[in-house]
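Student: I have the sequence and the structure open, and I would like to go through them with some questions. Please show them here.

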Amino acid sequence: MAPRGGGACKEVVESNSKYANYEIATTKAEIGSTLIKRSISLAEKNGINGVHELLQCPTCANSMYPPIHQCPNGHTLCSNCRRVHKCCPTCHSELGNIRCLALEKVAESLDFPCRYKSLGCHKLFPYYGKLKHEKHCSFRPYTCPYASSECSVTGDIPFLLAHLKEDHSVDLHDGCTFNHRYVRSNPHEVENATWMLTIFNCFGRQFCLHFEAFFLGTAPVYMTFLRFMGEESDAKRFSYNLEVGSFGRKLVWQGVPRSIRDSHRKVRDCQDGLIIPRSLALYFSSGDGQELKLRITGRIWKV
Ligand SMILES: [Zn+2]
Ligand SMILES: [Zn+2]
Ligand SMILES: [Zn+2]
Ligand SMILES: [Zn+2]
């Protein structure tokens, strides 16, 4: 009994140990393949990051685009820095006119993420296409639509709405119709850049109603127009009208809101809005010509 039992016992032990070995082997293989996978993805990551780093100018840290230059010792630098520096900023040897064609070739063979990836653009682009795309990427931040050259704040629409309210005290109205009064005690001071901005919230989107005074040539005028807080392709889906008048006479404008990608200055220069000559504005104000009291009505609709 005992040997059988011992044998049985041995068998069990052996089979157990075989099983244990098999388990260990499987685990090792799994660990091995995971390690390989991890190291491949790390290598890929490092490779791409490495190339990204290589394509960053060591002097100004901007991305380098061909022609990429190098010093006689092989230190790379961008064409801007090449123009500025006579000697290599890294090793101080005199810069010749040596292109780094290898790096230019490597750059051309890779795809790169859009620089607005963190803002939601997940497209990949070849090296040259990337720059072109970024200029028009719909995820690039918008510039504050407030008509002042001093404000250079950028961001997405929700951020800019909060900024307009908090930093420029701009009013936000709900609804797609407007009935606004613009009053100025001294309408002859056109040269003092006048602008007023009101935001309308309708159809789940936001529109900027601008009212400005400026000289068109030598003629003082008032102008009012609408800008859309979004892309031009979406702006085209809306239309608006503006009316101003009294005594049985009125000026009417119907237009398409311009995207805030176009600066208020650009829209003004295109005269893409309702232009009211000052003499007519004063007539509509029904006063003695000393005060401007314009009532502007309008509506926004979907086309
Ligand atoms: Zn540089
Ligand atoms: Zn150098
Ligand atoms: Zn993009
Ligand atoms: Zn601003």
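Student: What share of the contacts in the protein chain with a separation of 6 or more is between residues 24 or more positions apart?

Tutor: This is a predicted model, in which local features need pLDDT of at least 70 and side-chain atom pairs count only at pLDDT 80 or more, while totals for chains, interfaces and linings use all residues. Residues are numbered from 1 along each chain as its sequence is written, and chains are lettered from A and ligands numbered from 1 in the order in which they are written. Two residues are in contact if their C-beta atoms, placed from the backbone, lie within 7 Å. Of the contacts with a separation of 6 or more, the share between residues 24 or more positions apart is 50%.

Student: How many strands does the protein chain have?

Tutor: Helices (H or I, at least four residues) and strands (E, at least two) are DSSP runs, numbered from the N terminus. Besides eight helices, the protein chain has strands numbering 17.

Student: How many bridges join β13 to β17?

Tutor: β13 covers residues 238-246, and β17 covers residues 292-302. The two run antiparallel, and one of their bridges pairs Val244 with Ile296 in β17. The number of bridges joining β13 to β17 is seven.

Student: Which residue in the turn between β13 and β14 has a positive phi?

Tutor: β13 and β14 are antiparallel and joined by seven bridges; among them, Asn241 is partnered by Gln254 and Ser246 by Arg249. The two strands form a hairpin with two residues between them. With a phi of about 55°, the turn residue asked for is Phe247.

Student: Is Cys151 buried, exposed or partly exposed?

Tutor: Cys151 is in the loop between β6 (142-143) and β7 (154-155). A residue is buried if 20 or more other C-beta atoms lie within 10 Å of its own, exposed if 12 or fewer, and partly exposed in between, with C-beta atoms placed from the backbone. Because Cys151 has 15 C-beta neighbours inside 10 Å, it counts as partly exposed.

Notes. Two strands pair if DSSP finds at least two bridges between them.
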